[in-house]
Amino acid sequence: MVRGEPRLKQKQEVTTGMRPLIAITLSLAVLSGAALATADAEKPLPSITGEKIDLGIREYDVTAKKRPVDKSVTRLGEKPEDKSTTDHSKLKELQGPFKNGQEVTKACLGCHNKAGDQFIKNKHWTWHWHNPKTGQDLGKRVLVNNFCTNAAGNEGMCAQCHAGYGMKDARTYDFKNQENIDCLVCHESTGTYYKLPPTQGNKACSVMFEGKPPIDFTKAAQSVTLPGRSNCGACHFYGGGGDNVKHGDLSSVLFKPTKDVDVHMGTDGENFSCIICHVGEGHQWAGSRYAPVAKDKVGTGKPGMPRQTATCESCHGTQPHPAGLMGIKLNDHTDRVACETCHIPSFAKGGVATKVFWDWRTAGRLKNGEGYREEGYIQGDGEPRHTYKSIKGSFKYGENVEPTYRWFNGSEIYTTVQTHFDPSKPVEINHLEGSAEDPNSRIWPFKRMHTIQPYDKGNNTLVYMHLWGDDPDAFWGNYNFARAIKHGMEDFDLPYSGEYGFVDTYSYWPVTHMVAPKEKALSCEECHNAEGRLKEVKGFYMPGRDRNLWVDRIGIFLVVAALLGVLGHGLLRIVLRARRKQS
Amino acid sequence: MSLHKVKVFTRFERFWHWTQALAIFVLLFSGLGVHGFHRLLDFEQLVWMHVIAALGLIVLWIFAIFWHLTTGNWRHYLPTVNGLWPVARYYAWGIFKGEEHPYRKRFWHKHNPLQALSYLGLKLFLFPAIWITGLAYLSYGFWSSGPVSNDTLAWVAVIHTLVAFAIAAFVIIHVYLLTTGHSFVEHVKPMISGYDEVELTPEEEAYLREDEPGRILD
């Protein structure tokens, strides 16, 4: 079932510089709707944008740069040397020297002898999650998304964001070997620790490994503390292949945002680190995108009972608005409208853009036989973003984006590589369950990612692409869809018809960060309006948006009849009186 | 029976009438806006306007109901067919021929039978209907328990809006009928000064001159 409308939201800010490319990608998007079946054979004409072009492949070069380090805002995080019972820099076990991460991990587990057992159950390690409700097997190990599509088979690149060492292939990786846990990536606080892709990939990609500063493992080991934003953000702010590419509400801005960007994380405000909300113990913490809590009915819980959940309600309660007429009315909304819907009017704030559209069809163009990139978008903070990459295709960006709104009960059905679909309609990578009739659903804001990506034209399934590798099939370096898809599918013994096409896909990303200060929450008018933000959200009566056509017809008839009646009556009186006077 | 200038609209009655008139105009304006016929103000402002005017009017109604019952003024609205036909015939026919209005106001029947019947309908049906549906609409959050009640809300809105249109039609006819007397001003004046020409029985006249001399001018 596809519920989304196929048009693109046009509210995104777009710099004039990328207009030609947008025009092309837009027309492609329009064309693709009509000519999906034939799109595969036709490579769109090369765009001559006149934008800055640089040759070669360079991805994730920013993640190895030193990040602003923050302390977790907890009693321990403020001044660990005063409050903590342990100064790790003084521990003899951590005096090193350490040659690599595994040696550090061994030292960590030497004292924290339950941490390993705890962490190997964590999704950051397993890259796998079985959803007991839908029965689906999820996680990076298996899923296809509509960004770089699949980590499966491409771990050599993608697993640089695996919280472990050396995962070159998830199928052969030893998930029981606790010494491969990467403690540092989450706990070090120098901001200088970084991870590289586990394998080198095609020689064209080798530039990614050049010129990195050496890691001082000993210093990093001695700096361990509770995870700060610099730890979580090193991966999560760069998901999907760059700053804020994937989520839209998680960008490098959140390392040091103003409270205008994020009222909780603002360094001029509450200055929360991630773990203030993503609470947990024993290396399990709250906040899941696979099974989010769409409606928290418990709220703050009983006094003195902290809850292990990342919902707004767990701190603010289920009736969060202050007493009074307005408060009562606003609290009326909390059963059907998620907090985020009103309190996050837009995402990709603070100057870092998010990708909103991706067209894989244009991938593979070469200049002088080499892959290249075009800078076609200048984002709010002045940094250029690439609107074309030979390895990925064309992109469109958005900033201060108005979310897409949907009924949502926390359950999502994924289109996996096994799912058969109807390619004449956009495919929903994650179908959101919920409706107005479902009391557990609320209206939620989402970033909707629109992509045109390869699929198996014969079997109508998504495909695994072999992107990363030092071989003749890897797309990144060889730029051949046919070989990359064939290799990707055969690698996992998946049925492949041998013929690929391109299909429109949507993925929905719940918008939960970048909460605005309360003064900037949505006004009533934004939704209670026939042309408002919830125009497309159906199945219920909403004051100010919906009205009964027959009521209006009858009512207008009544009023017009009264008006005409009195006018006629009055006119007749005047005419007849004049006539009486004459006679 | 003799014609006298008597105070028929007490201070409270006049206050009630004009405050209610103002409230109805505010409610019609804001209600049409909320409904989507205009957005001269934004939704939040319109809703506030509507809620405050409505709650104010309801408080006034509570006082007015008390006043009607305790002062016996409810008797002015007793429906009667006695004299109804001549009044109806007058508005449909006689008025065009320049006939005099067939009804003479009396001390305990200051409204003509058609008028009394219309006001009774307004007070017994339209006002309670819009009042009850309005309160139901306003208190939606307290009685809603899941999605079923949203359909109910839609029906509440349907009734509320239809009654609002009916009241708007009443206002139009009500204002127009003010032009049917000797003059518009003459017709409005009693609701400002309180005094109007009324037929008094000798007993009523004697009572007023003895006990409420301020209510009778000549």
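Relative accessible area sorts residues into buried, under 20%, exposed, over 50%, and partly exposed in between. The exercises below apply that scale and others to a predicted model.

**Exercise 1. Confidence in the model**

Task: State which ipTM and pTM the predictor gives the complex, and what pLDDT chain B averages.

Solution. Begin with the complex as a whole, for which the predictor reports an ipTM of 0.91 together with a pTM of 0.87. Then turn to chain B, where the average pLDDT is 92 and 98% of the residues score at least 70.

**Exercise 2. The interface of chain A and chain B**

Task: Describe the interface of chain A and chain B by its contacts and its buried area, and find which residues form the salt bridge across it.

Solution. First take the residues involved: 36 residues of chain A are in contact with 38 residues of chain B. Next take the area, which amounts to about 3,300 Å² buried between the two chains, with carbon and sulfur atoms giving 68% of it.

For the charged pairing, the rule finds one salt bridge across the interface of chain A and chain B. In this salt bridge the side chain of Glu525(A) meets that of Arg39(B), at 3.2 Å from N to O. Polar contacts across the interface of chain A and chain B join 16 residue pairs, both residues being at pLDDT 80 or more.

Now ask which elements contribute on the side of chain A that touches chain B: those giving two or more residues are helix H13 (325–331) and helix H17 (549–582) of chain A. Of the elements, H17(A) gives the most, with 16 residues. Sorted by class, this side of chain A holds 19 nonpolar, seven polar and ten charged residues.

**Exercise 3. The build of chain A**

Task: Give the number of helices and strands in chain A, and say what share of its residues count as buried.

Solution. Counting the elements gives 17 helices and 16 strands in chain A. Turning to accessibility, 52% of the 583 residues of chain A count as buried.

**Exercise 4. Salt bridges and their places in the sequence**

Task: For the salt bridges Asp260(A) with Lys520(A), Asp473(A) with Arg483(A) and Glu490(A) with Lys486(A), work out where the partners lie and how accessible they are.

Solution. The search of the whole structure finds 27 salt bridges over all chains, and the three pairs are taken in turn.

1. In the pair Asp260(A) and Lys520(A), the closest N and O atoms are 2.8 Å apart. Asp260(A) is partly exposed at 39% relative accessible area, and Lys520(A) is partly exposed at 44%.

2. The side chains of Asp473(A) and Arg483(A) meet at 3.3 Å, N to O. Asp473(A) belongs to the loop between strand E15 (461–462) and helix H15 (475–478) of chain A, while Arg483(A) belongs to helix H16 (residues 481–491), ten residues apart. Asp473(A), with a relative accessible area of 22%, counts as partly exposed, and so does Arg483(A), with 36%.

3. Glu490(A) and Lys486(A) bring their closest N and O atoms to 3.2 Å. These residues are four apart in helix H16 of chain A, so about one helical turn separates them. Glu490(A) is partly exposed at 48% relative accessibility, and Lys486(A) is partly exposed at 43%.

Beyond these pairs, Asp169(A), Arg171(A) and Asp491(A) are linked in a network of salt bridges.

**Exercise 5. Two residues and their surroundings**

Task: Decide whether Glu205(B) and Ser346(A) are buried or exposed, and list what each touches beyond four places in sequence.

Solution. Glu205(B) lies in helix H8 (residues 202–211) of chain B. Its relative accessibility is 18%, which is under 20%, and therefore Glu205(B) counts as buried. Leaving out residues up to four places away in sequence, Glu205(B) touches Ser2(B), His4(B), Leu200(B) and Ile216(B). With Ser2(B) there is also a side-chain polar contact of 3.4 Å.

Ser346(A) is placed in the loop between helix H14 (339–343) and strand E6 (354–359) of chain A. Because its relative accessibility of 15% is under 20%, Ser346(A) counts as buried. With the same exclusion in sequence, Ser346(A) touches Asn400(A), Val401(A), Pro403(A) and Met514(A).

Key
Residues are numbered from 1 along each chain as its sequence is written. Chains are lettered from A and ligands numbered from 1 in the order in which they are written. Side-chain values use heavy atoms; hydrogens and water are left out. pLDDT is the predictor's confidence in each residue, from 0 to 100. Contact means heavy atoms within 4.5 Å. Buried area is the accessible area (1.4 Å probe) that two parts lose on being put together, summed over both. A salt bridge is a side-chain nitrogen of Lys or Arg within 4 Å of a carboxyl oxygen of Asp or Glu. A polar contact is a pair of N or O atoms within 3.5 Å; within protein, one must be able to donate a hydrogen and the other to accept it, and residues adjacent in sequence count only if both atoms are side-chain atoms. Ala, Val, Leu, Ile, Met, Phe, Trp, Tyr, Cys and Pro count as nonpolar, Asp, Glu, Lys and Arg as charged, and the others, Gly among them, as polar. Buried means under 20% relative accessible area, exposed over 50%, partly exposed in between (1.4 Å probe, protein chains only).
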